[in-house]
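Try each one yourself before you read the solution.

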Amino acid sequence: MPTDDPNDPLNLPAWRTWAAIGSLCLFGAMAAAAELILGAMLPVFVIQYSPIGKFPPSYKILQYIHLPEDVNSLRALEDLNQNGGPPIWRTFLLSSLPVLMIGLSNFFFVPLAITFGRRPVVLVSGLIAIGGAVWAGHSTSLNSHLGARSIQAIGAGTVESLIPFIISDMVFLHQRNKAISLVFGIQGLLIVIVGIATPWIIIRVNWNWVYFITAIAAGVFWLAVFVFMPESRYYRTDNEMKGISRHPLLPGQNRPPIDLNEHAPRSWKRDFAPFGGPVHVRRGLMAFVHTLQTFFYPHIFFVTLLNSATIAATLAAGYTVSPQLLAEPWSWPFEHLGFLLFSVLIAAIAVFLISGLLADGLANLLAKRRGQRDPEIQALNLIPPTVISLVGTVLFGLAGDNPGKYGWPTFLVGLGFISYGFLATNSIGVVYVLECYPHMAGPALVNIGSFRSIMAFLLVFDVAEWIASMGYLRTFGIYMGLLGGFILFIPIIFVFGERWRKRWPGPTERVDVNVVKG
């Protein structure tokens, strides 16, 4: 429930709210683009840092050659490094190590957003991401490249993790599914556009310019965030978090009118201020403690593990899709590799339509019938994307091991299904956590942002070696088993979730400064 204060983020004009969310979405997409896109370009770096990489630009031979049929494509790439090059798993750290850094950084940056405010943390972490991209573009060795990717991930990952946190500050409860899904959908579209251009940039110029271009675009969108996104941290009473106004409402009113006698009007000077209010060091420290505490709540633990499995499957597919497309019999031209991201684009659109609009509609319909909106409704929304993700791992594994029997469309449909599963379970899981613990959104969201990334890293950092030794189907059988197990637990969350929330209601002392007693 909004207040009568014009500085309440819920009282922003609609255009300003969506301008703030849109600029944050665009900046987050550019900051994360290099993280995601270059994962599909890993054959470039395998060649770049192999013995033949001493003859630049050696990686451009990818436009002229194809890996032979009936040869494990990852094993063929691994053979390039038998005479002095780094092992393939170490080169693949360019994509997997940033995942670990994202998980570790969220432990600290999200509590900092509670301590100092959302705006300063977003702006500072954004500059870190841009700086990391520039460093990566100038790197001349694998070690330097790994260091740059890690720094870039700290900034980009923090921005991505704070997006649902900020949306929960600025958007009403019944609109969160739509808003968060829309953000992820738009980001997917932008990443696909940049991804299609990436192979052309690599061949026509060089891979360094992929980093420079995304850094320049991120810089432009960073300025938009600076202009449009105000501090979204705001004090609310417990009742207001439940939709009950602290001010008496007249008949026909659904929100209190703005009171300029009691509150100063909103101004651009205040919105541009680097800090949005007092510093709360103790609350930030307590948020870190409560992050560890809430991780072991059974329903939060389940959502975190489910997200870990879906993101691990998505990353594993993204890291290993391009070598097989380059091999016989599919023999994709290197410049066409970016088109594989169309499957991710379709998945992102489906997330908005199915897990955004339809999920919100289902939750609101059941809320009307029950008289209240229970978070456990979101558990039902988790079933379709988890099943689709499971089917995707089967298709991806089968087509990867039998390219002569299954065409590349089957391979990419599998990738699209896996991507949809991750994007949808991510957005629905975020909404579920926010509805379970609106008074401690920061610590609860860290569980998804941090622990899932750490566990996903453990499940994917050696995936290239696994496929080189076991093949696609047996490797993705690991993710099949994990997802299948989690599907069986979703009904348990629906049945026992409310009981668990009452058993573990969270700390009695509020840890998010968005809430005050009253």
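**Exercise 1.** Find which helix gives the most to the nonpolar patch.

*Solution.* The helix to pick is α15, which gives four residues, the most to the nonpolar patch. Bear in mind that this is a predicted model. Next, list the members: L380, I383, V387, V391, V413 and F417 make up the patch, which covers about 390 Å² of surface. Then go back to the helices: α15 (377-401) and α16 (408-436) each supply at least two residues.

**Exercise 2.** Take V391 and decide: is it buried, partly exposed or exposed?

*Solution.* Start with its place: V391 sits in helix α15. Now look at its relative accessible area, which is 36%. Buried needs under 20% and exposed needs over 50%, so V391, at 36%, is partly exposed.

**Exercise 3.** Work out whether I37 is buried or exposed, then find what it is in contact with beyond its neighbours within four places in sequence.

*Solution.* I37 belongs to helix α1 (residues 14-37). Its relative accessibility is 2%, so I37 counts as buried. Setting aside neighbours within four places in sequence, I37 is in contact with I191, V194, G195 and T198.

**Exercise 4.** Find which backbone oxygen lies 3.0 Å from a polar side-chain atom of T214.

*Solution.* First go to helix α9 (residues 208-228), where T214 is found. T214 has 3% relative accessibility and therefore counts as buried. Now follow its side chain: a polar atom there lies 3.0 Å from the backbone oxygen of V210.

How values were computed:
Residues are numbered from 1 along each chain as its sequence is written. This is a predicted model: local features need pLDDT of at least 70, side-chain atom pairs count only at pLDDT 80 or more; totals for chains, interfaces and linings use all residues. Side-chain values use heavy atoms; hydrogens and water are left out. Buried means under 20% relative accessible area, exposed over 50%, partly exposed in between (1.4 Å probe, protein chains only). A polar contact is a pair of N or O atoms within 3.5 Å; within protein, one must be able to donate a hydrogen and the other to accept it, and residues adjacent in sequence count only if both atoms are side-chain atoms. Contact means heavy atoms within 4.5 Å. Patches are made of residues with over 30% relative accessible area and no salt bridge: like charges are joined within 9 Å, nonpolar side chains (Val, Leu, Ile, Met, Phe, Trp, Tyr) within 5 Å. Accessible areas come from the Shrake-Rupley method with a 1.4 Å probe; for residues, only the protein chains shown count as cover. A salt bridge is a side-chain nitrogen of Lys or Arg within 4 Å of a carboxyl oxygen of Asp or Glu.
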